[in-house]
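Colleague: I would like to go through this model with you, one topic at a time. Could you take my questions as they come?
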Amino acid sequence: MYTIKQAAAQSGVPVQLLRAWERRYGVVKPSRTKAGYRLYDDADIARMRAMRHLVSNGWSPSAAAAHMHELDDAAVGKISELDTDTLGKAEPAGALVARLLADAFVESASRIDEAAFEAVLDDMFARGSFEHVASEIVMPALVALGDAWESGMVDVAGEHAAAHAVQRRLALAFLASGQPRDDKGPLLIGLPPGARHDLGALAFATAARRAGLNVRYLGADLPVADWIEAVELTEARAIVLGVIIGRDVKSAVQVARAVRGARDDVRIAFGGHRAGSVATDGLDPVLILPEDLGAAVAAVDERLSRAG
């Protein structure tokens, strides 16, 4: 018999997701000790491995679980054996684990279970550097959360509660990210007016600060006039505008044109999922940042270093 931590290690399924699949889909039904602790047998491990294998091959968790309920132990064992050779060979924060953690995060948000999504976030942030975790695990989980909200699987309250839990983590990481390596004019990071999806911008600001850049994080939905005032008050060297969804594009360009009109020496960069949609005619030189967090910080750092 296995404890839940042993079962997670044997099956390659994170603890929080193992609980979620058990609770939501009934994939396994572990026994309990007198003290209430879960105990899993070999058949349970095989079922979790088989479920993991199906999900890794593109099945949605709900479809994989429904299929699992149709199979006897022998059929489950055959699927489980297909996955055995791959267990432990992937990177701990690989694409599959990220997808499994995202599913656990969404499931906990659907129940507004704060303890559960905090535990998932603990697992996420323990899987590597801040930059890797933010880019490869947390941001995909937030995309999955948004998709779940659009589909009705997660209501507004659950989406807000889970997103604010991520925001708290990022804010703490920002505060702990150290001091700039020089006192030159700062890099201002924020979103244009009307743009409210600021977690990616906060993650970027944290990573930039961790890299030693002099950062001022301005947050979401900042009016054009306030962008100009911030540039003038801080004597900023550069700004990074988050462009997350389609409707952010126009307002981001408005900010960039206004800032460039007020101070033509300020360097301008666009980052985020829709940054590539920005038409830079009349704004050049500007920088369109890659979506990878580490690469985006490196691009800004290189541009600022080259400019002196």
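Colleague: Is D221 buried, partly exposed or exposed?
Modeller: This is a predicted model. In it, D221 is partly exposed, because its relative accessible area is 28%, and a residue counts as buried only under 20% and as exposed only over 50%.

Colleague: Where is D221 found?
Modeller: D221 is found in the loop between β4 (215-219) and α11 (224-234). The backbone there has a positive phi of about 55° at D221, although this residue is not a glycine.

Colleague: Which loop holds I112?
Modeller: I112 lies in the loop between α6 and α7 (114-125), and its position is just after α6. With a relative accessibility of 41%, I112 counts as partly exposed.

Colleague: And α6 itself, how many of its residues are buried?
Modeller: Helix α6 is mostly covered, with 13 of its 16 residues buried. The helix runs over residues 95-110. From first C-alpha to last, α6 reaches 22 Å, close to the 22 Å expected at 1.5 Å a residue.

Colleague: Turning to α8, what span should its 22 residues give?
Modeller: Helix α8 covers residues 130-151 and should span 32 Å at 1.5 Å a residue. Its end C-alpha atoms are 30 Å apart, which agrees with that expectation.

Colleague: Where does α8 bend?
Modeller: The bend is at V138 and amounts to about 30°. Just after α8, G152 takes a positive phi of about 90°.

Colleague: Now to charged pairs. How many salt bridges does the count come to?
Modeller: The count comes to 14 salt bridges. One of them joins R38 and E22, with the closest N and O atoms 3.0 Å apart. That pair links distant parts of the chain, since R38 is in strand β2 (residues 38-39) and E22 is in helix α2, 16 residues apart. E22 is buried, with a relative accessible area of 14%.

Colleague: What is the partner of R47?
Modeller: R47 forms a salt bridge with D73, and the closest N and O atoms are 3.8 Å apart. This pair also links distant parts of the chain: R47 belongs to helix α3 (residues 42-56) and D73 to helix α5 (residues 73-84), 26 residues apart.

Colleague: For R47 and then D73, buried or exposed?
Modeller: R47 is buried, with a relative accessible area of 15%, whereas D73 is exposed, with a relative accessible area of 55%.

Colleague: Which residues are joined into one network?
Modeller: Salt bridges that share partners join E114, E118, D122, R168 and R169.

Colleague: What about R260, which has no salt bridge? Where does its side chain reach?
Modeller: The side chain of R260 reaches the backbone oxygen of P285 at 3.2 Å. R260 lies in helix α12 (residues 248-262) and is buried. The nearest side chain of opposite charge, D264, is 7.1 Å away; a salt bridge would have to be within 4 Å. Leaving out residues up to four places away in sequence, R260 touches V266, I268, L283, D284, P285 and V286.

Colleague: Lastly, R24. Which residues is R24 in contact with?
Modeller: Apart from neighbours within four places in sequence, R24 is in contact with D103, E107 and M153. R24 and E107 are 83 residues apart in sequence, yet 8.1 Å apart in space, C-alpha to C-alpha. R24 is placed in helix α2 (residues 15-25), and its side chain makes a polar contact with the side chain of Y25 at 3.5 Å. At 33% relative accessibility, R24 counts as partly exposed.

Key
Residues numbered from 1 in each chain as written. Predicted model: local features only at pLDDT ≥ 70, side-chain atom pairs only at ≥ 80, totals over all residues. Heavy atoms only, no water. Helix = DSSP H or I, 4+ residues; strand = E, 2+ residues; numbered from the N terminus. Buried < 20%, exposed > 50% of the residue type's maximum accessible area, 1.4 Å probe, protein only. Lys, Arg positive; Asp, Glu negative; His and termini not counted. Polar contact = N/O pair within 3.5 Å; in protein donor to acceptor, adjacent residues only side chain to side chain. Contact = heavy atoms within 4.5 Å. Expected span 1.5 Å × (residues − 1). Bend = angle between axes of the 7 residues up to and from the residue.
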